Amino acid sequence: MNLYDRLERMTRRWWLYLAILCIQFLPPYTTRGMTGFNSQEINRLVGDVLSHALVLSWVNLSPLFKVLPLAFLVLLVYVPRSRPFFSLFAALHYLVLAFFQNMAFLEDRGLAILTNNAVMITLVALSFLVEVFARKNAFAFRRVNWKKGSLIGMAAFAFLYPVDPVSFRPDFHIKHLFTNAAGLTFCMMTPLYLTVLLFTYPEVNLVTLRVTGLVGTIIGLYNLSFNFFFDLPKFWWNGILHIPLLLISLYAFVLSFQRSQRRALSDPGTTFTGKSGEETA
């Protein structure tokens with residue numbers, strides 16, 4: 001059994017999801033000022049870090065991080081040999097988001113890092129790195145039906161991110177749609193990357209699809225809870241913009257298990273015989 005098959009099996013094990021559940025309890029890291037880990041203090045710290053994240057200071061790079069994913073996507077469609085480079089770019093992109101979107105220098109706490117987010121997004125980055133070597137994604141952009149059309153619409157809605165960064169009200173100004181910081185956020189980029197993977201389904205890297213879908217679902221639930229239940233009415237529009245993350249991620253996660261079941265049924269040679277305790281070749 002090769003490394004990919006081992007990883008694919010591992011992502012179906014109950015203990016992996018228990019481990020990811022435990023990641024949610026990792027406390028934030030701060031260099032000073034953290035007197036306790038009660039829920040109110042952590043919630044306030046999460047808001048402070050995300051609103052002062054290092055990526056938000058990269059104003060001049062925001063348009064670049066919108067253009068680059070689209071450029072690699074165009075290469076993916078028209079230059080088949082660029083497939084590994086798309087996955088490598090996505091892996092590096094997620095590594096940037098894992099740390100710099102979840103890291104901030106705060107006056108009262110010094111360096112602060114949202115550890116659980118950083119770890120989960122790093123797992124997503126590693127899952128894309130697996131694809132660089134496994135080459136499981138066919139990236140065959142088949143005929144668009146209503147399901148795929150819906151995915152494209154939701155991913156584009158998130159990617160364009162039509163919101164004013166100060167008032168958090170709708171902002172559809174054409175200039176702002178292509179210069180905002182959506183390309184530097186996990187929540188707005190993940191619908192795009194998952195949609196690309198879903199277009200190649202069922203010839204897809206199940207490890208990448210499953211891990212990205214799971215982490216996207218978790219972070220999507222966090223964000224919708226925050227925007228709709230804790231900070232209404234100010235962030236209602238920002239909450240709506242996070243719906244594509246939750247829906248596409250959950251769909252990808254569920255679909256990854258359906259593909260896994262079909263694979264097991266069609267390829268019994270990759271399963272245990274149950275008689276001798278050995279794998280069939």
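Trainee: How many bridges join strand 2 to strand 3?
Mentor: Strands here are DSSP runs of E with at least two residues, and helices are H or I runs of at least four, numbered from the N terminus. Two strands pair if DSSP finds at least two bridges between them. Strand 2 (residues 103-106) runs antiparallel to strand 3 (residues 110-113), and the number of bridges joining them is four.

Trainee: What kind of model is this, please?
Mentor: Residues are numbered from 1 along each chain as its sequence is written, and side-chain values use heavy atoms, leaving out hydrogens and water. Local features need pLDDT of at least 70, side-chain atom pairs count only at pLDDT 80 or more, and totals for chains, interfaces and linings use all residues, since the model is predicted.

Trainee: Are helix 7 and helix 9 roughly parallel or roughly antiparallel?
Mentor: Two packed helices are described by the angle between their axes and the distance between the axes. Axes are lines fitted to C-alpha atoms, for helices over the stretch in contact, with angles from 0 to 180 degrees between N-to-C directions. The axes of helix 7 (146-160) and helix 9 (186-199) come within 7 Å and cross at roughly 155°. Angles over 145 degrees count as roughly antiparallel (under 35 roughly parallel, 65 to 115 roughly perpendicular, the rest oblique), so helix 7 and helix 9 are roughly antiparallel.

Trainee: How many nonpolar residues does the contact of helix 7 with helix 9 have?
Mentor: Contact means heavy atoms within 4.5 Å, and the residues making it include Leu151 and Ala155 of helix 7 and Leu192 and Phe199 of helix 9. Ala, Val, Leu, Ile, Met, Phe, Trp, Tyr, Cys and Pro count as nonpolar, Asp, Glu, Lys and Arg as charged, and the others, Gly among them, as polar. One residue of this contact is polar and one is charged, while the nonpolar ones number eleven.

Trainee: Is Tyr161 buried or exposed?
Mentor: Tyr161 is found in the loop between helix 7 and helix 8 (174-177), and its phi is near 50°, a positive value. Buried means under 20% relative accessible area, exposed over 50%, and partly exposed in between (1.4 Å probe, protein chains only). With a relative accessible area of 16%, Tyr161 is buried.

Trainee: Which residue does a cis peptide bond join to Tyr201?
Mentor: Most peptide bonds are trans. Here omega is about 10°, and the residue joined to Tyr201 is Pro202.
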